[in-house]
Amino acid sequence: MNRIFTYPKEKFEQGILNKRMITKLISKHLMYEVPRLQKNKDYYDGAHEIMRNERKEESAPNQKTVCNHAKDIADTASGYFMGNPITYEQGKGEEETDITKLTDALEAACTDDVDQDNALLLSIYGCSYEYIYVAEGKSELTVRNLDPRNAFVVYDDTIERNELFGVYYYVKRDDINDTRQYIATICTATNIFPMILYPDKLPGKMPPDKEPSEHHLGYVPINEYKNNKFCIGDFEQQIGLIDAYNTLMADRVNDKEQFIDAILVIYGALLGDTPEEAREAYRELGEEKLLELPASGAKAEYLTRTFDETGVETLRKALKEDIYTFSHVPNLTDEKFAGNSSGVAMEYKLLGLEMLTKTKERYYRKGLRKRMQIFCHFLDLKATSIDAASVVPTFSRALPKNLLEIAQMISTLKDSVSKKTLIKLLPFVEDPDGEVEAVEKEGEESIKRQQKLFAVAANEPPDGGEDE
């Protein structure tokens, strides 16, 4: 569960920040948050707990298998949620406003790439952060992702949990002098404070900081997104099951290796009268792969364990099913997803993932709203007034579409629903308004061609008047 950092509202001043306070907040973030976040990142990268386990017997096989369900769950959930870019439209019932400059500014800031990265970070860490700023030498806003292990937002202690400031920090090491320092950027709603922090020294011994600068964005430019209410990653609560699955698969491999190195037991015979003769016989046996025994009841067999492959396979399938069931992310390689399924059947199979994604979408809209407010405030400085509340972001799922079913549905509803609404259902149409205009233009041109083809002219009287 994510730790919420708070500070008394009555003690906070926009233009003044206490370096000792910032140092203490960073220390708490390193102590309480970073270990959990780092563990999630390790599991996504494949550095699971089994890689650190050592067997007590040195001679026993110790194969370490990593079945990275964590990466599969995070990639599937983030791809389904943000596989398609977010689109922005004018809200219904709002005063007609041209939002082209806003969408152009978002596109210039590469927000589509940032959104996809945010979706993956949400799946891994349970939270993500972005930094909105004006790059040096440019006049447009830029958006960049921040690693959740190096960023956090501080709120006031009221029930409204208003944002006070955001913190982004990283470690700068000097291996020659064996020293380290934290370079921190603290952003309030009006100023940016660059700081150099030494966690093991008092503020009085710290080097001086640069003067704070104003950013004129109107809001805290470090934006926080949540995966859910408690900021839990998509696979975080299944780590125990993933460890059990890895252990089971490693034991199966180790058992097979022990089976290959099984001990040969000989009954009723000796391979040599002396230890030297026995060792020579062992060597010849390994080279020739041939063993001769006297006929009087002697026999040889390997000493092996009996494998319950059926029980092991049942346990493996149960663990794998539990991993995907409790994460609400389906296993797309499962037999249930084989073959062609109707749209309704596919929706039932993806019901758990859809509920998970709905929660992601609801919390992501809050972050998007703040991002659009910052962009609209910046555009307002350039004499372009756009109300961020009138812009509606639309999410679409990255799911294979049955175009035949969609075409049949459009044909059935063509007299009951507007053309624009029907065209929105087509996944390959990016601009429904432009598509409606293109269809109407083609219709008009088709009528003109038919009139020319059949020589249909205007119904006008001849030049001589009505008598003629």
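Here's a quick tour of the sheet, the nonpolar cores and the aromatic contacts in this structure.

It's a predicted model, so local features need pLDDT of at least 70 and side-chain atom pairs count only at pLDDT 80 or more, while totals for chains, interfaces and linings use all residues. Residues are numbered from 1 along each chain as its sequence is written, and side-chain values use heavy atoms, with hydrogens and water left out.

**The sheet**
- An open sheet is built from 6 strands in the order β1-β5-β6-β7-β8-β9, with mixed pairing; strands here are DSSP E runs of at least two residues, helices are H or I runs of at least four, and both are numbered from the N terminus.
- Two strands pair if DSSP finds at least two bridges between them.
- The edges are β1 (5-7) and β9 (213-214), each of which pairs on one side only.
- Helix α1 packs on the sheet and touches β1, β5, β6, β7 and β8 (contact means heavy atoms within 4.5 Å).
- β6 and β7 run antiparallel over 9 bridges, and Tyr169 stands opposite Ala184 in β7.

**The nonpolar cores**
- The largest nonpolar core has 33 residues, and Phe152, Phe165 and Ile186 have the most contacts inside it.
- At least two residues of this core come from each of α1 (19-45), β3 (127-134), β5 (151-156), β6 (163-174), β7 (179-187) and β8 (191-197).
- Apart from it lies another core, of 29 residues, including Leu102 and Cys376.
- A core here is a set of buried Ala, Val, Leu, Ile, Met, Phe, Trp, Tyr and Cys residues joined through side-chain atoms within 4.5 Å; buried means under 20% relative accessible area, exposed over 50%, and partly exposed in between (1.4 Å probe, protein chains only).

**Aromatic pairs**
- Rings of Phe, Tyr and Trp (its six-membered ring) pair if their centres lie within 6.5 Å; planes under 30 degrees apart are stacked, over 60 edge-to-face, and the rest tilted.
- That rule gives 10 aromatic pairs.
- Phe152 and Tyr169 pair edge-to-face, 6.4 Å centre to centre with 65° between the planes.
- Phe152 is in strand β5 and Tyr169 in strand β6, so their pair ties together parts 17 residues apart in sequence.

**Charges over rings**
- The charged end of Arg3 sits over the ring of Tyr32, 4.4 Å from its centre, and Lys299 lies over the face of Tyr267 at 5.1 Å from the ring centre.
- To count, NZ of Lys or CZ of Arg must be within 6 Å of the ring centre and within 35 degrees of the ring normal.

Terms used: Axes fitted to C-alpha atoms, helices over the stretch in contact; angles between N-to-C directions.
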